[in-house]
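Here are my notes for anyone opening this one for the first time. Have a look at the model, then read the points in order.

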Amino acid sequence: MNFHIQQAVRAFILLCFSVMLFKLHYTGEIIKFINPKYVGLSQSASVLFLILFFIQITRIWSTNRHSHHHNCDHHDDCCDHDHGVTPFNFKKGIAYAIIAFPLATGFLLPAKVLDASIVDKKGGMAVLTNQKKTKKENIGDDQKDLTSQHSKVIDPKIISEKEYEEIKQILEQSHVIKMADNVYSIYYEVMGMNLDQFKGREIELKGFVYKEDEFKQDQLVIARFSITHCVADAGIIGFLSEFKDASSLEENTWIEARGILDISTFNGAELPIIKITKWKEIKEPKQPYIYPINVKIF
């Protein structure tokens, strides 16, 4: 029997990917990386890696006869693929290192929630003000990425246009706008399209603190990240807010606040601003992100 160390390494890598995904699902940290609607797909990937691991095990040992009568001759150029028995070289080392890197980070580094430092890299207020300019242009799309809500249970992956209109009506009739996680995206979208309609309304929300140098001492953004597929496409949403204690709050501090909606301008763009009347510091929520869904027009 011949033992092929490269085949064993490949089996070990497959097993590690399966274990890493299983660990993320077991601890619940998987939702820090992907939209929950893809959890089933991720679980399937974990099982697939495990199946491939068991298949790969059969290639670790081989008999002398098998190795001498392989259908590819490794002494000529007719074989253009690697069976894991050719000598280890620098090129292979680089390939294994690239594959092993996500495993090393997945096992050794803790899952980190996106924070204010990422907001700054993604453009910060430039992104928020640009969102207000483009809302009305996007309303006619055949498919919108929004978050469903209200009292009845709705499929978290898709809602109808009728359900979307019902949600809008609930918002329009609310004396106090409560930005719960399952309504945040759609409320944010609708308010951004018609600021005047919601001026003067009370609003309740939570998020983390984000600041920019251009802000006044009493200003900050109460921000959230919206994830459509995974953290790679995370987008910042939030409200510019004003209150006297703003200067005492550090970035990334999570707060829950209540205030009055008003309209302001920032760098020439009109956007909503919250005049905070009441606030408190809170712990980072277990599910810190907002997850939009599809609204189909039938």
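**Notes on the model**

1. Start with the annotation. An unreviewed UniProt entry places the feature "transmembrane region" at residues 6-26, 38-57 and 94-114; such positions follow the numbering used here, feature names are shortened, and annotations may be inferred rather than shown by experiment. Residues 38-57 are 95% helix and 0% strand, with end C-alpha atoms 29 Å apart. For residues 94-114 the figures are 71% helix, 0% strand and 30 Å between the end C-alpha atoms.

2. Some ground rules. This is a predicted model, where local features need pLDDT of at least 70 and side-chain atom pairs count only at pLDDT 80 or more, while totals for chains, interfaces and linings use all residues. Residues are numbered from 1 along each chain as its sequence is written, and side-chain values use heavy atoms, with hydrogens and water left out.

3. Now the overall picture. The protein chain has nine helices and 11 strands, taken as DSSP runs numbered from the N terminus (helices H or I, at least four residues; strands E, at least two). Of its 298 residues, 43% count as buried (buried is under 20% relative accessible area, exposed over 50%, partly exposed in between; 1.4 Å probe, protein chains only). Among contacts (heavy atoms within 4.5 Å) with a separation of 6 or more, 72% join residues 24 or more positions apart.

4. What does Ser42 touch, not counting residues up to four places away in sequence? Its partners are Leu21, His25, Ile30 and Ile34. Ser42 sits in helix H2 (residues 39-57) and counts as buried because its relative accessibility is 11%.

5. Lys216 counts as exposed, at 55% relative accessibility.

6. Finally, the charged pairs. The structure holds seven salt bridges, each a side-chain nitrogen of Lys or Arg within 4 Å of a carboxyl oxygen of Asp or Glu. Arg258 and Glu204 form one of them (2.2 Å, N to O); Arg258 is in strand E9 (residues 254-266) and Glu204 in strand E6, so the pair ties together parts 54 residues apart in sequence. Glu202 joins Glu204 and Arg258 in a network of salt bridges. Lys168 and Glu165 pair up within helix H7 (residues 161-173), three residues apart, about one turn of the helix. In the salt bridge between Asp115 and Lys112, the closest N and O atoms are 2.7 Å apart; Asp115 is buried at 15% relative accessibility, whereas Lys112 is exposed at 57%.
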